[in-house]
Amino acid sequence: MHKNLIQNAVDIIFETDVFGNFTFVNDFTLHHLGYTLEEIIGKPFTSFVRDDYKERLLHFYQDIINPDNNFPTIEFPIIRKDNSQIWGSQKVIVQRNSEGEVVGYSGIMRDITFIKNLESKERIRLEKIENFNTTINFLSTSNFSNFDTLNDVLAVILKSTAIATKTDLVSYINCQNLQQFHQTSYNLNSEEIKTGILTPEEFQHLNLHNLKERKTIVISDLKTDASGFFNSTEKLDLQYNSMLVMSVFHNNLLMGILCFSNKEKNKTWDAEDFNFITTIINIIALGLELQLRLETERKLNYTSQVWSVVSQCTAKFLSSTKPIEDLYELFDMVGNATQVDHIYYYEHNLETSLIAQKVKWAKKGVTLQITPLATFTHKNLREIIEKATSNKPFIAIVSEMKESFLKNILVTNELRSIIWPLFFNNKFSGFIGFDSCSEDRIWTDDEINIFQILANNISSVIQRSTNERLKNESEERFRLLANNVPGTVYLSKFDQKWTKIYINDQIEQLTGYHKNDFLEGRINFSELTHEADKQYVLNESERKIAENEKMHLTYRIRTKENEIKWIEEFADNIKTNETIEYIEGIFIDITERKKNESAIIDKELAQSANKAKSEFLANMSHEIKTPLNGIIGFTELLMKTELNTNQESYMATVHQSANTLLGIINNILDFSKIEARKLELDVQSVAIKEILESIEQVVRYDLENKELELHILVDDSIPKTLHLDPIRVKQILLNLVSNAIKFTKKGSISVQLKIKKQLDAERYKIRFLVIDSGIGIMLENQKKIFEPFLQEDNSTTRKYGGTGLGLTITNQLLQLMNSKLKVKSVPNEGSTFYFDLILQRGTKNSTEPASIMTTNTPYNSENIAIKILIAEDNAINMLLIKTILKNMFPAAELFESTNGEEAVAACTALQPDMILMDIQMPLLNGLEATQKIRALQPDFNIPIIALTAGTLQEEREMCLSAGMDDFVSKPIIKDAIRDTILKWVKQSTN
């Protein structure tokens, strides 16, 4: 029973001896492998194993001797008697004797060929998908915009597709041009790309009905094609036996046909193949769209360049007095731009009716003339004459012409021509020809239009050279260009925007915009007209056109970089049947001419104005500050004497009035310095509280007089000290608070400091506000009050006084601090003036600086014996200076000079230790006197200190340049003059 089970089993069951020779196999083994029992018994098991698995199987048997290996399994291929093979999965048991020695092996093997085949097919499918994905990724990431033509793009796509699909020949037929069907193919075996052209007759053998319906055509055997794709199989290349055909669409139009040809019959295509090919078709469509776009751009650029060249050379040619000689240059420029091989001019003799060549040009490397020159009759050139009679060009592909004398001439001279007739007084006078020798060139509509215009203008020039009759439309246009070059030449439609249809390259130099910006409507030239000139240009243009006059306008434009240029425009209209169709003209840049016209006048005016301004400010400063010096100085001295209450009040009023007047003067001088950009900030670490308290002290008298209250509110989060210019910030706030007091009858004024934003650990954006309950400002006047010398209105000036400079100077000072003064105001309710400053936290030991620099000196001024010469022409100032010096330096000797000449003489006679020199004096001014003193005593360096009422930087520099050592500004402050004298005493002692 056990034996029957083994014999009837559907698995291979066997036994071998210890050497691996078969000693038993069951009947299924013989039946399944096709061997007889004699052919197996006694043979080694490796005889039936595929060669590449024999060694592996031997190792397997060696390993199973190990007792730990229980029933191991191995898979390997077995060779059947008919040399076919099956895959088996085998398990083996080691047979041992009673002593544990190996005496043989028993095994069972199951046929797993079907499973192995399934695994192999899946592996092949996955490998194919991976291959397809790699190809798609490569093509998808390829930059097809770098390829010159569609054929270059197709070469890459078709090669990759053929390799991926293992197709013998992959072809693409371009169906865009219904006259010529371009075919591009890649042969997998020869690894060659081929291109060619299918004629319409050859293409008619294809039935496109199914392809137009986006159906896929699979032809298993071309010889017995049942698909109906070929109307006839007579001319087919029968080296290929099967074919797959799919259509390529773009924007719902059939653009091409993609064909896969194989030598293998009944080529099978699975779902992966169709998905891959569909993706390839999409990539071809994408490449096609990109190439169409690039081709359009290339055509536009080419057309633009040709237009430009034709316009330039024609403009020059239109002014030619020797047109035949100048045609060589014109043909050279046009020929190189259009890449034609020949251009020639034939003249028609109206008397003899014979046609002869006058001018011929050839591209470099192209033979100029093959056959001898000849004279032709109308009959010889019948095709050209027939077109000329209807004023049409002769355009032909020579290979498609009927046999004739003209065709024979063209073929003999290797020409493929396009020819335009020329007319003289409406009679045929000759023609211009353009040839391509290397290919049957298809001329574009743009080229035809350009050549037509060129031919018209050549005809016009030739006509003008022989007869000065009225010129046609084309001649008028180009004559205007010739008369006005160089410049920006244009041709516009006569529409509302004067849309440009031609403009030369000079427009970019003039405006900064490329000419395509105008031609493609992205910008209109009228938009560049200066806003102040727009109405003038519009009115004059309309008037000139209405009165049928030529236009000549001068106006300004703004360029792309916002630069203002002056242009001169000449223009005229072009009419058809008394209706204006176009405007032709030229823009000429006259900016430099305008600058040159006004440069000398502007320079002289500027120099004169600056000189007058400087002199006025210096004189005003001196003339006003000189008496103020006396007033302020003596009131200060007098206020330190014993006065009764009324006298002290009167002197305080005088002193305050003098300081107010001094403030007005300083405002004017500050305004001048800011305008001249000579005012610089002195940023220090300052306690903001001390600045605010100082302001409160200054305005306390005015507040009490008007019974107003001042509230100062500072956010607690604002640092105690800040980095700022204390003098200028105090000046700004004092200006605003003083204005608030001036324009407030009752109520209060509030000064507030708030943190607008903390920018980082050290920097803050702080808002300063001055709020009043005064008369307010009308909205229309809120900008006006920031203008210099202006107030809200004249009544304000009469009622409240003031120079109108306070807010202007305040705003200009804020501009130096990268800020701006702003206002919110309601009439009869009050105003809020505010500004923002970005300030850095200050150091802890900061205080408000003194108004003047002090000198740390060990000297006691009362004991200093010094000889001082005072040069001052004003008796009051002389008395004041002497009084101040006597109080501070009682041991000093003081000497007087009332003019510059006396000062020079006294210096020589007295040999003083120091000279205090006024600047503006009679006979010799202070500068001239100093120069003479330095010249007379070059080795005796007496300190000369200027006493100047001027504050301009130039005046101070002049003092130092003249030889002075230092200066003290008027009104003289006691501490300032004391510190300056002590500084030079100390320096002399050292």
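**Figure 1. An open antiparallel sheet of five strands in the predicted model.** The strands follow the order β19-β18-β22-β21-β20, and their pairing is antiparallel. β19 (500–503) and β20 (551–558) stand at the edges with a single partner strand each, so one side of each has no neighbour in the sheet. From one strand to the next, the twist averages 25 degrees.

**Figure 2. The pairing of β18 with β19.** Strand β18, which spans residues 488–493, pairs with β19 in the antiparallel sense. Three bridges join the two strands. Within this view, Ser492 stands opposite Lys500 of β19.

**Figure 3. Helix α16 against the sheet strands β20 and β22.** The helix comprises residues 534–546 and lies across both β20 and β22 (579–589). Relative to β20, helix α16 runs at about 160 degrees.

**Figure 4. The largest nonpolar core, with 40 residues.** Phe768 and Phe835 have the most contacts inside this core. At least two core residues are supplied by each of α19 (688–706), β25 (721–724), α20 (726–742), β26 (748–758), β27 (763–772), α22 (806–816) and β29 (830–841). The largest share, eight residues, comes from α20. Leaving out residues up to four places away in sequence, Phe768 touches Ile688, Leu733, Gln752, Leu753, Phe833, Tyr834, Phe835, Leu837 and Leu839. Another core, of 29 residues, lies apart from the largest one; among its members are Phe144, Ile157, Leu244 and Ile280.

**Figure 5. The largest cavity and its lining.** Rolling a probe the size of a water molecule over the atoms shows where empty space is left. Three cavities of 30 Å³ or more are counted in the model. The largest cavity holds about 160 Å³ of space. It is lined by 16 residues, of which Phe22, Phe45, Phe48, Ile78 and Met109 are the closest to its centre. β1 (12–17), β2 (22–25), α2 (27–33), α3 (51–63) and β3 (73–79) each supply at least two residues of this lining.

Figure 6. Ala871 counts as buried because its relative accessibility is 0%, under the 20% cut-off. Aside from neighbours within four places in sequence, Ala871 is in contact with Ser897, Ala903, Leu916, Met917, Asp918 and Met921. Ala929 is 58 residues from Ala871 along the chain, and the C-alpha atoms of these two residues are separated by 9.7 Å.

Definitions and conventions: Residues numbered from 1 in each chain as written. Predicted model: local features only at pLDDT ≥ 70, side-chain atom pairs only at ≥ 80, totals over all residues. Heavy atoms only, no water. Pairing = 2+ DSSP bridges. Helix = DSSP H or I, 4+ residues; strand = E, 2+ residues; numbered from the N terminus. Axes fitted to C-alpha atoms, helices over the stretch in contact; angles between N-to-C directions. Contact = heavy atoms within 4.5 Å. Core = buried A, V, L, I, M, F, W, Y, C linked by side-chain atoms within 4.5 Å. Buried < 20%, exposed > 50% of the residue type's maximum accessible area, 1.4 Å probe, protein only. 1 Å grid on protein atoms, 1.4 Å probe; cavity = no way out; pocket = protein on both sides within 12 Å on 5 of 7 lines; lining within 4 Å. Points joined across faces, edges and corners; volume = space filled by probe spheres on them.
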